[in-house]
Amino acid sequence: MDDQKREIAITGMTCAACANRIEKGLKRLDGVASANVNFATEKAAVTFDPDHIDLDEVEQQIRKLGYDVLMEDAHLNIAGMTCAACSARIEKVLSRTPGIQTVNVNLALETANVSYDPAAVELEDILQKVKKIGYEATPRTDDTAEHTDHRQREIQEKTRKLIISAILSLPLLWTMFAHFSFTSWMYVPNIFMNPYFQWALATPVQFWIGGTFYKGAYSALRNGSANMDVLVSLGTSAAYFYSIYLVLTGSAHGLYFETSAVLITLILLGKLFEARAKGRSSEAIQKLMKLQPQVATVERNGETAEISIHEVVLGDVLVIRPGASIPVDGTVLSGTSAVDESMLTGESLPVDKHSGDEVFAATVNANGSLRIEASSVGNDTVLSNIIRVVEEAQGSKAPIQRLADQISGVFVPIVVGIAVLTFLVWYFAVAPGDFAASLTSMIAVLVIACPCALGLATPTSIMAGSGRAAEQGVLFKTAEAMEQTRSIDTVVFDKTGTITKGLPELTDFHTRNETSRVTLLALAAASEGDSEHPVAKAITTYGIEHLSTLPVVDMFEAIPGYGIRTVIGGQTILLGTKNLLSRYDVEFDSTIAAVEQMEGQGKTVMFMAVDGIHEAIIAVADTIKDTSKQAISELRAMGLDVIMLTGDQKITAEAIASAAGIDHVIAGVLPDRKAEVIRSLQAEGKRVAMVGDGINDAPALAVADIGMAMGTGTAVAMEAADVTLMHGDLLRVVDTVQMSQLTVRNIKQNLFWALAYNSVGIPIAAAGLLAPWLAGAAMAFSSVSVVLNALRLQRVKLKH
């Protein structure tokens, strides 16, 4: 059986060392091919062989390591139950389903609450299970049944504990400040100076509020590793128990209860800020999820009704009213409107939609009413695919993170060693016999060290950067792609559909007599109206755009290899190659236009005669997109070499390249050789990005260092690429490179500050120049500063 990949949400991690420990623990399991734990997203991506190990064993290993797997709760309405046996049967069937932890079916309320592992089973699978045994289950949409976000609950719990901890620690902090000479004016109640009162205040902070640190430290040590919890537990416990020793031996002076309590309070404050900031780093995904409406108006049995989007099935006909968000992907059956697709493509201008056009979930219908047929629902919509791609990118690791992971793995044991050494040096050399001074320096070293900042440096930047890029219509598939894009030095563009619009357009319409131009255009557009040829469609489209009406064609004859012959209002029209004129003995008029010049520009030239007289020359070509020249100019200004790679003949390719501002053209390349061209460029030492949109580009996209697929292209191309550009605008390529550069720069800033903080802070603490409570405050806010720096990426304004 093929390996399976599952994403598991994990709770209980406090720093990067936790993520590393889980990774190592999972990789040791027989049957696990790879494990990638992301501390910022609190998720693990695990690939395993189901023949050797199942998902339950993987999750059990996570629990053995001292962490837990986040379960989701589904609140369902159940229809069709008649007695207790019905509810018992539903409970029994669902309880036996792998991935479902608990089931509670209430017969009286006709509801069910199911706790399940989203990595093992999806909500849709649960609904289908109930349906198979004869009942109907639908998700409840009332407010009381809404799922409370795990991270929000965590923030609320941290806030509650912080308030209690602050209230208990404030009197202790008051007594500490009263010892300073510049605060001698402060009044301190006698009760505050009572050692037993201080002991009573510090104890709940140490063991209740700080209990999470002890639990985390115990789990880490039990599994032969260490994390931030170990440092905090050691530091605060040393201060707390030394203070108890002083109280019990009658030494009421020099107590350190305020040190332990204030440390825990400050660290909790830092963790609260960190949790809030981490929540903001995934705002892009949350925004995307909120875009899709929760209800849809469908036509069934001749009537319209509002239903949950979870109940919409393929083929349903939906009514989209003006101003409403479109709930699923579909095809327009009737109606005309402009649709705002900016949330998916980054394109600000609304797109006109007519019968037969595609529309996408979460886009907004601007003014007209539409009837659409659902073509993709649930996890198959474009929006769901975007969310999935962004989540996978945010959950993956960039190569630059490996250094931080290696440091985090040995960081805590080294810090503990430095702290012990600091105590010994102070006790035996710096301040011989001064236990209090030695202990203070040791505690400062323990609490100032922060592996969290190192662990958050890369993933938070990747989360913020990839989310911001998605808002601009740029989807990075992996963190590695996001990092490597900045290193490219050569961009290779496919021609058709990438640099050009991919559809022929009428570019020239030259007539023998300018006064008859409108009449001739009407005759040409009407003549080609029944033809399916792309060149014919280009002429007809141009005529429809510039004329109010077209005449009726009385007779139409296709002449293979030559063109067409029609009769309109008694006039005979010939439209086709130059040989068509010769065939009907029509004299060619060379004064109408420079044919060779147009052919040299890669245009397809057509000749038109009316009643035996050569009247017009028409040129049709696949023209470049409006922004192609600007995008290529900006890429070259960034120092990148731009190449056009195409299967077209050299004359046509060079004409398009000249119009787009490209000097280097590789023409006449068959589809299966495009990948070879990319390899040859790489053999020259170039780091190559390939930009394409067709099936024939897929091999080259896969071979290139970075493959960029236009979202307007084929699914095969997008599957092979590292980056998907949701809008067919080449300026998105510029944005892609810029976003990669900004994100990697942000990561390097974070890593620098995280390393610099620890490199400078630990020696200062060891030298006794930092009070423990200040060291704790610095540690608490170091990780917050890293996350806040990463969040700057969410406000980045790209050029386009």
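Reader: What does S169 touch, leaving out residues up to four places away in sequence?
Author: S169 touches V205, A261, V262 and T265. Keep in mind that this is a predicted model.

Reader: OK, and which helix is S169 in?
Author: S169 sits in helix α5, which covers residues 150-178.

Reader: Is S169 buried or exposed?
Author: Buried, because its relative accessible area is 4%, and the cut-off for buried is under 20%.

Reader: What does the side chain of S169 reach?
Author: The side chain of S169 reaches the backbone oxygen of A261, at 3.5 Å. A261 is also one of the residues that S169 touches.

Reader: Switching topic. What's the strand order in the open sheet?
Author: The order is β2-β3-β1-β4, four strands with antiparallel pairing. At the edges are β2 (32-38) and β4 (68-69), each of which pairs on one side only.

Reader: How many bridges join β2 to β3?
Author: Six, and the two strands run antiparallel, with β3 made of residues 43-48. Within that strand, K43 stands opposite N38.

Reader: And which strands does helix α1 lie across?
Author: Helix α1 (residues 16-27) lies across β1 (4-11), β2 and β3. Its angle to β2 is about 170°.

Reader: What about helix α2, which strands does that one lie across?
Author: Helix α2, residues 55-64, lies across β1, β2, β3 and β4. It runs at about 30° to β1.

How values were computed. Residues numbered from 1 in each chain as written. Predicted model: local features only at pLDDT ≥ 70, side-chain atom pairs only at ≥ 80, totals over all residues. Heavy atoms only, no water. Pairing = 2+ DSSP bridges. Contact = heavy atoms within 4.5 Å. Axes fitted to C-alpha atoms, helices over the stretch in contact; angles between N-to-C directions. Buried < 20%, exposed > 50% of the residue type's maximum accessible area, 1.4 Å probe, protein only. Polar contact = N/O pair within 3.5 Å; in protein donor to acceptor, adjacent residues only side chain to side chain.
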